[in-house]
Amino acid sequence: PHINSGRLRALAVTTAKRSSLLPQVPTVAESGFPGFAIENWQGLFAPTGTPLSVIAQIAEHVAAISADKTFADQLTAQGAVPDFLSPGDFSIFVKGESQKFGKLVKDSGAKGD
């Protein structure tokens, strides 16, 4: 609301695509940092050894909820982009995020205490 009222000026969004809530605000990549994209995401994880039938059943329910228009509209109103990845695709995504941020931490020299 502060951006839309003019009290704050948004310089960029960190996502790969412009936000549907602020289409006039460029992405960081569009602002001169090609390839920059940091997304906020949530996911469900199960313990190793969880039967694939249980994972499939949970995924089916989550996919149905994700496809619900009311649910999607609520997420969109909060600036989120509703999306569903299959368990296999989500696993690939998480591995990619781990590699990306693992490299970032390593390159920064940060140390865990």
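This is a predicted model: local features need pLDDT of at least 70, side-chain atom pairs count only at pLDDT 80 or more; totals for chains, interfaces and linings use all residues.
**Exercise 1. Getting an overview**

Find how many helices and strands the chain has, and in what order the elements run.

Solution. Start with the secondary structure: the chain has 4 helices and 0 strands. Next, follow the elements from the N terminus, where the order reads α-α-α-α. Finally, look at the extent of the chain: the C-alpha trace spans about 50 × 45 × 25 Å along its principal axes.

**Exercise 2. Checking the confidence**

Which element has the lowest mean pLDDT, and which the highest?

Solution. Begin with the chain as a whole, which averages a pLDDT of 92. Of its residues, 100% score at least 70. Then go element by element: the lowest mean, 88, belongs to H1, and the highest, 96, belongs to H2.

**Exercise 3. Comparing with a globule**

Compare the radius of gyration of the chain with that of a compact globule of 113 residues.

Solution. First take the reference: a compact globule of 113 residues would have a radius of gyration near 13 Å. Now take the chain itself, which has 18 Å.

**Exercise 4. Exploring the largest pocket**

Which residues are the closest to the centre of the largest pocket, and which element gives the most to its lining?

Solution. Start with the space, about 1,700 Å³ in the largest pocket. Its lining is made up of 46 residues, and Trp41, Gln42, Gly43, Asp83 and Phe90 are the closest to the centre. Helices H2 (52-67), H3 (69-77) and H4 (87-108) are the elements that give two or more residues to this lining. Among the elements, H2 gives the most, with 6 residues. Last, sort the lining by type: 25 residues are nonpolar, 17 are polar and 4 are charged.

**Exercise 5. Working through an aromatic pair**

Describe how the rings of Trp41 and Phe90 are arranged, and say whether each residue is buried or partly exposed.

Solution. The model has 4 aromatic pairs. Now place the partners: Trp41 sits in the loop between helix H1 (2-5) and H2, while Phe90 belongs to helix H4, 49 residues apart. Trp41 is partly exposed because its relative accessible area is 30%. Phe90, at 14%, is buried, since the cut-off for buried is under 20%. To finish, widen the view: Trp41, Phe45, Phe90 and Phe93 form one aromatic cluster.

**Exercise 6. Placing a loop residue**

Where does Thr48 lie, and is it buried or exposed?

Solution. Thr48 is found in the loop between H1 and H2. Its relative accessibility is 84%, so Thr48 counts as exposed. For a sense of distance, Thr48 and Gly96 are 48 residues apart in sequence, and their C-alpha atoms are 19 Å apart in space.

Conventions. Residues are numbered from 1 along each chain as its sequence is written. Side-chain values use heavy atoms; hydrogens and water are left out. On a 1 Å grid over the protein atoms alone, a cavity is a set of points where a 1.4 Å probe fits but cannot get out, and a pocket is an open set with protein on both sides within 12 Å along at least five of seven lines; lining residues have an atom within 4 Å of a point. Grid points are joined across faces, edges and corners, and a volume is the space filled by probe spheres set on the points. Ala, Val, Leu, Ile, Met, Phe, Trp, Tyr, Cys and Pro count as nonpolar, Asp, Glu, Lys and Arg as charged, and the others, Gly among them, as polar. Rings of Phe, Tyr and Trp (its six-membered ring) pair if their centres lie within 6.5 Å; planes under 30 degrees apart count as stacked, over 60 as edge-to-face and the rest as tilted. Buried means under 20% relative accessible area, exposed over 50%, partly exposed in between (1.4 Å probe, protein chains only). pLDDT is the predictor's confidence in each residue, from 0 to 100. The radius of gyration is taken over C-alpha atoms; the globule rule is 2.2 Å times the number of residues to the power 0.38.
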